[in-house]
Amino acid sequence: MASDRATRKKLKREERARRRAERKPSVLVQEFWNLPNMLTLGRIFLIPLFVWLTYDADPLNSLWAGLVFAVASITDVIDGYLARKWNLITVVGKFMDPLADKLIAMAALVMMVRLGRIAAWVVIVLLARELIVSGLRTIAASEGMVIAAGQEGKWKTSLQLVGIISLCVHYVHPLQLGSMSVPVDYNLVGKVLVYLSGAFSVWSAVVYFRAFLAMLAKRGGEPSGAKSV
């Protein structure tokens, strides 16, 4: 009797193992393992390194922090380009890409406030804008509406990224222009660029909100049963 129970348990274990071996990976797992998504994941893994480099913020570590943030920004461009070129735009990528961008930008801005390199109110404005626009996008998507990003939003992103890199470098370093060596205060350059990105952030949020209201008004005027495309 005991040997029969042991045999049945063994057969059940073998059957479960066979089923696991034959089970196909889920669609999300299949989507995850492609180069664009791996680059996006790499940006997330760079965040602890970036925070560590900016914690003491001596001149050398500040340079390395600026380099790490620049690499993360470049991979953001590369993974989007590869995803479009190779037709690898996935659900996982749509979720992870903006998440990775916001996480590393938020980490950088918070660390810059901690180091006293940028005013806290500017960071609050930038983060509030991201939360508001993300919320509007979620609502718009749930209603089947797509609101394209405007040029002002692209300017905001470009200025913010270059500004953060400059704030990371922070110290005065010579810039070689031909035979001339010009000292550059990277903290001042970064502040100016981040302040400008703050202005574009507010502008783009207003434009986005107006576009959202316009689409809602348009839908409200549609005949009953009609669908927005």
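Predicted model: local features only at pLDDT ≥ 70, side-chain atom pairs only at ≥ 80, totals over all residues.
Thr90 sits in the loop that joins α4 (59-85) to α5 (91-114). Its relative accessibility is 10%. Buried means under 20%, so Thr90 counts as buried.

Helix α3 covers residues 35-56. At 1.5 Å a residue, its 22 residues should span 32 Å. The end C-alpha atoms of α3 are 33 Å apart, which agrees. The N-terminal end of α3 is capped by Asn34. Here a side-chain oxygen of Asn34 lies 3.0 Å from the backbone nitrogen of Asn37. Asn37 is also among the buried residues of α3. At Ile47, α3 has a kink of about 30°. Ala57 follows α3, and its phi is positive, near 60°.

Helix α7 comprises residues 151-169. Its 19 residues should span 27 Å at 1.5 Å a residue. The C-alpha atoms at the ends of α7 are 28 Å apart, in agreement with that value. Buried residues of α7 include Glu152, Gly153, Lys156, Leu159, Gln160 and Gly163. Ile164, Ser166, Leu167, Cys168 and Val169 are buried in α7 as well. After α7 comes His170. The phi of His170 is positive, near 65°.

Conventions: Residues numbered from 1 in each chain as written. Heavy atoms only, no water. Helix = DSSP H or I, 4+ residues; strand = E, 2+ residues; numbered from the N terminus. Buried < 20%, exposed > 50% of the residue type's maximum accessible area, 1.4 Å probe, protein only. Expected span 1.5 Å × (residues − 1). Bend = angle between axes of the 7 residues up to and from the residue. Polar contact = N/O pair within 3.5 Å; in protein donor to acceptor, adjacent residues only side chain to side chain.
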